[in-house]
Amino acid sequence: MPNLGIEVLFKGSNMARLLGGLWVSLRISLIAVGFSIGLGIPLGIVMTSKSPVIKVITRLYLEVVRIMPQMVLLFLVFFGTTRAFGWNLNAEVASVIVFSFWGCAEMADLVRGAFISIPKHQYESAKALGMNSFLVFSVIILPQTLRRLLPLSINLVTRMIKTTSLVMMIGVVEVLKVGQQIIEANRTSSPNAAFGVYGTVLLLYFIGCWPISMLSKYLEKKWNKS
Amino acid sequence: MNWEVIGSYLPLFWKAMLLTLRIGWIGIIFAILIGILCAIVRFYKIPVASQIAGVYIELFRNTPLLVQLFFLYFALPRIGIPIRADFCGALGLALLGGAYMAETFRSGLESVAKIQTESALSLGMNKSQVVTHIIFPQAFSVSVPSFVANIIFLLKETSVFSAISLMDLMFTAKDLIGLYYKTTECLTLLVVFYALILIPVSVLGDRLERRVRHAEFGN
């Protein structure tokens, strides 16, 4: 059995540093999730409008986000805009901007899809029962939309957490970067640290994302029955 | 924007794109194979294999590709399994994609109503005929939209290959920015080349989706 280099994690404050790095990734994704939900829901409602101008603009926005890898967007904002406009952008702020930009589009698309999936007869039946449009929306449409929306948006949250691992490439010191530093610092005393540290990072991401995706799956199953 | 610079960088980006495409193509083919295998194993609940596939799917769906690649490329050699960078990239993509494809195909298989199997059997088809003529075609047409989404997702994920020192588009752009400081030109080329890869895939995917929608039963 080769040395797996796990002992490095218990040396000094290494584990605490690794968890600190994880917090940096989580903080970025949580802020971005907040922005995505806050801006994505109104945008999604706007996207259900039939105006051709709004349709073309939102479609363009969605396609850009769908086509471009998040890493390219990170580079564009972090290296491109700073060069073009001459401002000074913190790498963490740049990542929050990119992930909000991306998440907002995804969220808006989910909201639009959820609203469109409600059959027209739901509106008409409610109207026929004498409900006013506020009642129709709040009692009939919104609950059904939320049921379709919630599992999918929880899924989006795990995707955003996973994608934040990319921020290391523009120099944010997050969990993977901290892991790299720990490995470099212990290069001579435990040459096999890479296995233990990267294995732990993999596990940390799994522990973070798995319960959330299970919740999403559970909700989807539960609400699909009724 | 300096067009001469762009002209001189074009061959470098072209080479990088070919590398991305080569590894992406191999990774996606294997991802589809792994996905089909795992989906069948999960769907027919083959003992032991089904549990293994389940653990594999959950593990790879819930961790980022970048971390998986780091683990494969830097950690495995430490316990005596050295691995080449381009092989590692294709392997990582295949494993990640396999997990996503497995879920896609499985939900396709599950969406085929039981009555379809029973009707086919009562018409005198044998089991393998039912699978090849009845279940698979319908399952495929249901899973096409998410299949296309997975392919686009995987092609986008190839952008992290630069982390394991593969000379892909990302690596080339970063390298050239670092060397000559032509940020605007490099980033423009980066966007153009990724669009060159992904727009055709997206358009073809749309057409495929529209085509198979005719095959859906009962609409």
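Of the 226 residues in chain A, 46% are buried, where buried means under 20% relative accessible area, exposed means over 50%, and partly exposed lies in between (1.4 Å probe, protein chains only). The model is predicted, so local features need pLDDT of at least 70 and side-chain atom pairs count only at pLDDT 80 or more, whereas totals for chains, interfaces and linings use all residues. Residues are numbered from 1 along each chain as its sequence is written, chains are lettered from A and ligands numbered from 1 in the order in which they are written, and side-chain values use heavy atoms, with hydrogens and water left out.

Chain A contains 8 helices and 0 strands, and its order from the N terminus is α-α-α-α-α-α-α-α. Helices (H or I, at least four residues) and strands (E, at least two) are DSSP runs, numbered from the N terminus. The C-alpha trace of chain A spans about 75 × 50 × 25 Å along its principal axes. The radius of gyration of chain A is 22 Å, while a compact globule of 226 residues would have a value near 17 Å. This radius is taken over C-alpha atoms, and the globule rule is 2.2 Å times the number of residues to the power 0.38.

Among the contacts in chain A with a separation of 6 or more, 78% join residues 24 or more positions apart; contact means heavy atoms within 4.5 Å.

The structure holds 1 cavity of 30 Å³ or more. A cavity is a set of points, on a 1 Å grid over the protein atoms alone, where a 1.4 Å probe fits but cannot get out, and its lining residues have an atom within 4 Å of a point. The largest cavity has a volume of about 40 Å³; grid points are joined across faces, edges and corners, and a volume is the space filled by probe spheres set on the points. Its lining consists of A:V33, A:S36, A:I37, A:M107, A:S153, A:L156, A:V157 and A:M160. Helices α1 (14–47) and α6 (133–163) of chain A each supply at least two of the lining residues, and the largest share, 4 residues, comes from α6(A). By type, the lining has 6 nonpolar residues, 2 polar and no charged. Ala, Val, Leu, Ile, Met, Phe, Trp, Tyr, Cys and Pro count as nonpolar, Asp, Glu, Lys and Arg as charged, and the others, Gly among them, as polar.

In chain B, helix α3 (residues 65–75) is largely enclosed by the rest of the structure, because 10 of its 11 residues are buried. These buried residues include B:L65, B:F70 and B:Y73. B:L155, in helix α6 (residues 127–157) of chain B, also counts as buried, at 9% relative accessibility. Beyond its neighbours within four places in sequence, B:L155 is in contact with B:I28, B:I197, B:L198 and B:V201. B:L155 and B:T20 lie 135 residues apart in sequence and 8.4 Å apart in space, C-alpha to C-alpha.

Two loop residues of chain B complete the description. B:V48, in the loop between α1 (3–43) and α2 (49–61), has a positive phi of about 65° although it is not a glycine. B:V48 counts as exposed, at 57% relative accessibility. B:S165, in the loop between α6 and α7 (169–180), likewise is not a glycine and has a positive phi, near 55°. With 44% relative accessibility, B:S165 counts as partly exposed.

Key
1 Å grid on protein atoms, 1.4 Å probe; cavity = no way out; pocket = protein on both sides within 12 Å on 5 of 7 lines; lining within 4 Å.
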